[in-house]
Amino acid sequence: MFFDTHSHLFEEDFDIDRINCIKRLYETNTKCMFVGFNTNNNIVAYNLAQELNMYSSAGLHPDTQFEDIDANLASLREFIKTHKVYALGECGLDFHWEPFDKERQMRLFEEQIKMSIEFNLPLIIHSRDAHQETFDMLKKYEGQVYGIMHCYSGSLELAREYVKMGWYISLGGPLTFKNAKEPKRVAQGIDISHLLIETDCPFLTPEPFRGKRNESSYVHYVALALANLKNMTIEDVENITYQNALKVYNIKE
Ligand SMILES: [Zn+2]
């Protein structure tokens, strides 16, 4: 079995042909974590997971534009209390699109970190153009928090620091891109026992479909790229990353 540790297959992008995407999940033996990222779609992700007997998470993305942080955090807390979710996230920091409100993002992130400790859930971390700030924040809670650096785009050196702190590094479509040097260094430099694979669909489509919509069944292209980089068989990558996913998400099969 393959485990796509980061899927947004519940998104509107798939409304016209989701049934076919789901068929391909079964054909390729792929399971998914459906990752929610705002108050509206946390429930949508949950419902799809229930329908397919798969898994979901709930969180508030740093990019989401809502007025009232406290009201959204309160909804998230209530949702986690009343629904079985396997992780808190995605959450984190994104300083890519200007203008952004750094203070606001930091507070939203830190409140979710505290919530993950309270509910003993792994975190799914989104970090874009904010590598140092994300690291500093998670370092502050070292030993209390754990989880996944999703679609990791930082340096190998920083990845090693995360692994020392018990984090998993998740790699996606960019691993298949010719010009993506750093993700390849990370794939080769981090032991497979701390690596995961994901799609982040509908985004970050791997080769040979780059430029088109991504979907979770394509996660095996990421597995193949990882196998080539690590000189392993695809079966070994498939099995080990699957077991890693069960472990970090505390899934008992
Ligand atoms: Zn995502």
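In what sense do strand 1 and strand 2 pair, and over how many bridges? Select residues 30-35, which are strand 2, together with strand 1: the two pair in the parallel sense over four bridges. Strands here are DSSP runs (E, at least two residues), helices are DSSP runs (H or I, at least four residues), and both are numbered from the N terminus. Two strands count as paired if DSSP finds at least two bridges between them.

Before continuing, note that this is a predicted model, in which local features need pLDDT of at least 70, side-chain atom pairs count only at pLDDT 80 or more, and totals for chains, interfaces and linings use all residues. Residues are numbered from 1 along each chain as its sequence is written.

**The whole chain**

Display the complete chain first. Its secondary structure comes to nine helices and eight strands. Along the principal axes, the C-alpha atoms fill a box of roughly 45 × 40 × 35 Å.

Colouring by burial is the next step. Buried residues make up 46% of the 253 residues, where buried requires 20 or more other C-beta atoms within 10 Å of the residue's own, with C-beta atoms placed from the backbone.

Three strands form an open sheet in the order 1-2-3, with parallel pairing. Strand 1 (2-7) and strand 3 (55-57) stand at the edges; each has a single partner strand, so one side of each is left without a neighbour in the sheet. From one strand to the next, the twist averages 20°, with axes as lines fitted to C-alpha atoms (for helices over the stretch in contact) and angles running from 0 to 180 degrees between N-to-C directions. Now pick Phe 2, which stands opposite Thr 30 in strand 2.

Move to the open sheet of five strands, whose order is 4-5-6-7-8 and whose pairing is parallel. Its edge strands, strand 4 (88-94) and strand 8 (195-197), each pair on one side only. Select strand 4 with strand 5 (residues 123-128): five bridges join this parallel pair. Asp 94 stands opposite Arg 128 in strand 5.

Finally, select residues 219-230. This is helix 8, which packs on the sheet and touches strand 7 (168-171) and strand 8; touching rests on contacts, that is, C-beta atoms placed from the backbone and lying within 7 Å. The direction of helix 8 makes about 145° with that of strand 8.

Technical notes:
Buried ≥ 20, exposed ≤ 12 C-beta atoms within 10 Å, placed from the backbone. Contact = placed C-beta atoms within 7 Å.
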